[in-house]
Amino acid sequence: KRPEWDTAPLRALDDALLEGVNRRRRAAAHERVWFNVSGYALRPGFGYPLDDWRIAQVWPLYRQGLQYSKESACWSEWWTFWRRIAGGLDAAQQQGIYADIARYLDPVSLGNRKLQSELKNRSYEDIVRLAASLEHLPVETKTELGEWLLLRLQRSGETPTSWWALGRIASRVPFHGSAHNVIGRETVHGWLPQLLQADWKKRQPVAFAAVMLARMCGDRSRDIDDAERAAVIDKLRGSNAPAGWIEMVSTVKELDAADNRRIFGEALPSGLKLIS
């Protein structure tokens, strides 16, 4: 079964797909499946020999764009592809992607009929997931995105995925990015009250976002203050949250496969060494 494929055959599959990359345009189904399988095979974009070379081969596709741009399913796989391999993209590439999608994320776009019309077939939820995975973005940009998401989350119609996205971009421990680009703890202190006001029993994504914001990393410059940490732990306990989540906030803890899957958005290839 596909979840059991380890890294070696996945990368071999990706290499075969790269050889046939120009044939992805034969039909909408070809384009959709090519991005789906290739992104799955290359995830998370680093950690295996020649991954830098593979990223260099696929990056030109970004500027080429989609052939079947009227197909919603193609857009979903397009954004998912770039999210899956974001860890292999450099800062300039990630900033280029963000510059293209920021207009859809800015709450001002909610009043823009043209942009809202575009989003009808461009899979807003996948755009949110992609934006949150761009960990090489400058702190100022991440902070802007976080504030946009918090504003949007005040609306009942916002996707719950935006809570996951907030937790991902404001995590004390990045998945692939540098600690230098972690949002400052003072900013997180200002964001936590909105999360603490929610009912975590009914809205588990909010609880997990709070775990990411409050996760202990052992670096005093990134860890939140003890009072805020205690408030998150008390709320988690009162919400019957998993013991592992409480442990992530109360102590420095290595993530297990389930935690990594939740943070990355899906399971990682078995046997992969996450070294950048």
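Student: How many aromatic pairs does a search of the whole structure find?

Tutor: The model is a predicted one, and the search of the whole structure finds 14 aromatic pairs. One of them is formed by W59 and Y62, with 5.2 Å centre to centre and 5 degrees between the planes.

Student: Is the pair of W59 and Y62 stacked or edge-to-face?

Tutor: Planes under 30 degrees apart count as stacked. At 5 degrees, W59 and Y62 are therefore a stacked pair.

Student: How are W59 and Y62 placed in helix α3?

Tutor: Helix α3 covers residues 51-64, and the two residues are 3 apart within it, so about one helical turn separates W59 from Y62. Both W59 and Y62 are buried.

Student: What is the geometry of the rings of W59 and W82?

Tutor: An angle over 60 degrees between planes counts as edge-to-face. The planes of W59 and W82 stand at 85 degrees, with ring centres 5.7 Å apart, so this pair is edge-to-face. W59 belongs to helix α3 and W82 to helix α4 (residues 72-84); the pair therefore ties together parts that are 23 residues apart in sequence. W82, like W59, is buried.

Student: Which residues form one aromatic cluster with W59?

Tutor: The cluster consists of W34, F35, W59, Y62, W78, F81 and W82.

Methods. Residues numbered from 1 in each chain as written. Predicted model: local features only at pLDDT ≥ 70, side-chain atom pairs only at ≥ 80, totals over all residues. Heavy atoms only, no water. Phe/Tyr/Trp six-rings, centres within 6.5 Å; stacked < 30°, edge-to-face > 60°. Helix = DSSP H or I, 4+ residues; strand = E, 2+ residues; numbered from the N terminus. Buried < 20%, exposed > 50% of the residue type's maximum accessible area, 1.4 Å probe, protein only.
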